[in-house]
Amino acid sequence: MTHERILSHISRDQFVGREAELRQVINYATQTTEQKLLVSAAPNGGGSEFLRQAYDELFFRRTHAVPFHFSFGKNRGTPAEVGASFFRSFLQQYVAYRRVDPSLCTNPVSLRDVLDLSLSTDYDGVSALLESFEHERASADAASFLRFCLGAPQKLAAVCKRRILPLIDCLALAGEQKDSQLTASVATAFVGRGEAGIVAGLRRQIPGLKHAADADFDVAETIHLDYLNDDDAPTLLNALTRRLQIETDAERRDLVVQQLGGSPFLLAAFAQSARQKGLPLTSYVNCQLLYVDELMGGRMYRHFSNLLGQIAPQAQTRRTLLRILYESRSTETRKASVWTWKKRLGVEGTEFERMIDTLHVHELANSSGVTIELNNEAVVWMDYLTAQYRMEVAGEARALTVANTRVNSLKRAPKMMTRKYRRAAALGLNDLLSRFNCQEVAASLFDYQKFAAAHSGVETEAVHAALDAEADIVRLPQVVSAVDYSAVATSDPTEEGRCVIGYGFEGGDYTDESEIVWIAAEIDSKLEASAELTSEWCERLERIAREAKSHQVKLWLVSPEGFSREAAEVLKKRNAYGSSRRQAELLRARLTSELSKPDSSSSFGGGGGDGGADEYEMVIPMGTDTELIAAHTVEQIARRINFGPEAINQIKLALVEACINATEHSLSPDRKIYQRFRIESDKLVVTVASRGVVPANMLTQNGETNGNGKSRRGWGLKLIRSLMDEVEFVRVDDGTQLRMTKYLHSSGSPPVGSVQQKS
Amino acid sequence: MDATGATSVEARCVGDTAIIYASDYLNKLTGERIERECKRQLEAGRHAVVINFRDTELVNSIGVSILIGVIDVVEQTRARLIFSDVNSQTASLFELLGLTKHVQLAKDESEALLLVEPKPNAAGHHV
């Protein structure tokens, strides 16, 4: 939807990369809920503009809720003045919405005008509210007047019987004391109350707002506004430069985006600066000259200087803060204790807490409560800090600092772009490991020599078909957390995204015994990786494994062209996996398609199946002989695809045993057995699921003896695997699934093997 | 199949031998009925028991476990036990779960009765 701007600063078509989040707001506004919607924004991540865009969108969409936007700005005056400003904005926006006249939102009008412009149906309500406002202003103290004003939307909603949706921008409150009167009043009014509302804050500020409101409530959703990604950020910059008529090209835009970390605020500041200086962004030199100018005296400079001024208003304290921050950059861990900071800063009590809290909330430093660590990930902040330290603390001449910063930023530019390109070209091990999710894949995907021997020079489609038919299977773990090693390395750092530690469980079984760590690394080699390079990497990963302190570790190396025969031996000796880039990409494709397979889902009742004509579902209660009902059903289904009488009996008995197992072994809360029968071209797949607890010895049961050698119980799984061609015992979050497959043309002698377990 | 309708099991005696008829679905309930009837017949002095599976279509693992209990009971009284009229599917199941090591299968009831009939020894006495 395109429309004019009301509160937003940029047009809707230039507001890129937040479409999904805006849709979330629209959906929220159309629901009848009393839960809050929180907008958790990265610093300079465009949280305020997002809320303004959301307001404009809601205004023109005419949902049944009347939107109202208010931002607690930095220069706001006394609490009473803030209250009055809030009250006026609210009434103006309310009347503007009701009259469908956006100009009323921003035009300067008196409260009397607002009353005169009210629709007749609202007139009494608005009039009464205005009277109360004047009365409160004259008689109440500042705190209760503020509370009255902040409660105005709720009061008018009750009188006029309309739903009002406040969109409250608290980002500028991030520097306030947590227990300041304004923060507490705003938090109580909009974070802690029962009515619906959207509250935006910095992502490290939101917990403090909740705390200030003493809020124990359900949040409907939280929208996370991170920095724009490598696709959206250049699009935004392109839109900005076109609007401002600045010449630019894709390569330079990419550099600017990398340098500014995809921050919408910084990108807009940079574009504005280019416009003012009339500088085309068509060379690295121009870009970096402009960048350094911005750092030394432009919007970026003002942003960080204001922030530091807010954190440390005293000039001497600010200088000390600069020194501590800069010097912690050069220490190995960038960390120091809170005690050290306090001693060095020479600031005590609540003032010290406020300073550290503001540094933390704005992500200039990370405070754990015990230690404080400089956040060195933000390039602009680091460059600003370095330049300011040199001038303000080290006393370096400004011209020299400017020269050094220009030279350094220019030297950094190609490296930065190389990192971006390598990141873009990386396999994405983090994502790949996260997709494992206990899926089964052909083992040759992790064995380069075997794969190359079978599939070298073969078309991808044919390779997929061969992998489908491969009998040797690897069951992947469920990786619950994949961590980029570069982010946690204390020594021997690796390149971003090239080495990942995946923490997880085998078989989705959340026990100590099943815990496993996969350490995967993408290595560089133009040819098949040599034994020497492979050994070197294995040793490196083994060092990381020792740091991970897991009793079960699997190493996996990915080399673009695979591994030489000797390298494969190295991997084999270490029980490590080795794949080529092609194998890893095939793996990714197969994992993706696996996820969309209907039977891979654990859910019944429409969640997992494709609902096609060849699939049946039924639910039976656990109880006496209900398994016979299931057996009759499967008999009818098996007949339809021409199974012989003997096979039908085998399927029936297997199903009966599965039902008995479900009944006997699960402490099922709903006492139900969920069954799915899926007919495929050459087989019938029967899935039996139940909720509840699975005993640890379930998989190993093989008949309990009564002391004279005659087994008495626990034959269920043994029987099932003898009767069916394939049996998989699958643990799911809240229970179990048994998947049994019978082929139409099975060999006749049922395979005897262990029951497979997966999740 | 009706495993729940009847509350007792069909049985008859031929001389010293009790013939017990298993129902169409042998599960916990119907298995226990057979077990109870078997104990009753043994207490009445029968020296042999034939369990006839002519109507039995399906035997589940709990049913099998109860049959193992029946085998134990019969062994303790030194009586004989024969299973007759077992369909091929059920026979495979008994084989798989080791029942056939402890009990003889007869094609039908007549063969079962022949198997339990006391054989004369060299002196012409029945043993």
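Two strands pair if DSSP finds at least two bridges between them. Helices (H or I, at least four residues) and strands (E, at least two) are DSSP runs, numbered from the N terminus. In chain B, strand 1 (residues 10-14) and strand 2 (residues 17-21) run antiparallel and are joined by five bridges. The model is predicted, so local features need pLDDT of at least 70 and side-chain atom pairs count only at pLDDT 80 or more, while totals for chains, interfaces and linings use all residues. Residues are numbered from 1 along each chain as its sequence is written, chains are lettered from A and ligands numbered from 1 in the order in which they are written, and side-chain values use heavy atoms, with hydrogens and water left out.

- Chain B has four helices and seven strands, and from the N terminus on its elements follow the order β-β-β-α-β-β-α-β-α-β-α.
- Of its 127 residues, 50% count as buried; buried means under 20% relative accessible area, exposed means over 50%, and partly exposed lies in between (1.4 Å probe, protein chains only).
- Strand 1 and strand 2 of chain B form a hairpin with two residues between them, and E10(B) stands opposite Y21(B) in strand 2.
- In the turn of this hairpin, G15(B) has a positive phi of about 60°.

- Most residues other than glycine have a negative phi.
- R78(B) is not a glycine, yet it has a positive phi of about 60°; R78(B) is found in the loop between helix 2 (61-76) and strand 6 (80-84) of chain B.
- R78(B) is exposed, with a relative accessible area of 79%.
- C438(A), also a residue other than glycine, has a positive phi near 65°, and its place is in the loop between helix 21 (429-434) and strand 9 (440-442) of chain A.
- C438(A) is buried, with a relative accessible area of 2%.

**Strand pairing in chain A**

- Strand 18 (residues 683-691) of chain A is mostly covered, as eight of its nine residues are buried.
- Strand 17 (residues 672-680) runs antiparallel to strand 18 of chain A, and seven bridges join them.
- A hairpin with two residues connects strand 17 to strand 18 of chain A, and F677(A) stands opposite V686(A) in strand 18.
- Strand 18 of chain A is also joined by nine bridges to strand 22 (residues 735-743), and these two run antiparallel; here S690(A) stands opposite T736(A) in strand 22.

**Aromatic rings**

- A pair of aromatic rings is described by the distance of the centres and the angle of the planes.
- Over all chains, the search finds 30 aromatic pairs; rings of Phe, Tyr and Trp (its six-membered ring) pair if their centres lie within 6.5 Å, and planes under 30 degrees apart count as stacked, over 60 as edge-to-face and the rest as tilted.
- F90(A) and Y94(A) form a tilted pair, 6.1 Å centre to centre with 45° between the planes.
- Because F90(A) and Y94(A) are four residues apart in helix 3 (residues 79-98) of chain A, they are separated by about one helical turn; both are buried.
- F90(A) and Y94(A) belong to one aromatic cluster, which also includes F68(A), F70(A), F72(A), F86(A) and F190(A).
- F505(A) and Y510(A) form an edge-to-face pair, 5.1 Å centre to centre with 70° between the planes.
- F505(A) is buried, with a relative accessible area of 17%, whereas Y510(A) is partly exposed at 46%.

**Charges over rings**

- The charged end of R540(A) sits over the ring of W537(A), 4.6 Å from its centre; a charge sits over a ring if NZ of Lys or CZ of Arg is within 6 Å of the ring centre and within 35 degrees of the ring normal.
- K554(A) lies over the face of Y577(A), at 4.2 Å from the ring centre.

**A residue in helix 27 of chain A**

- A589(A) is found in helix 27 (residues 581-596) of chain A and is partly exposed, with a relative accessible area of 34%.
- The C-alpha atoms of A589(A) and H464(A) are separated by 9.5 Å, and these residues are 125 residues apart along the chain.
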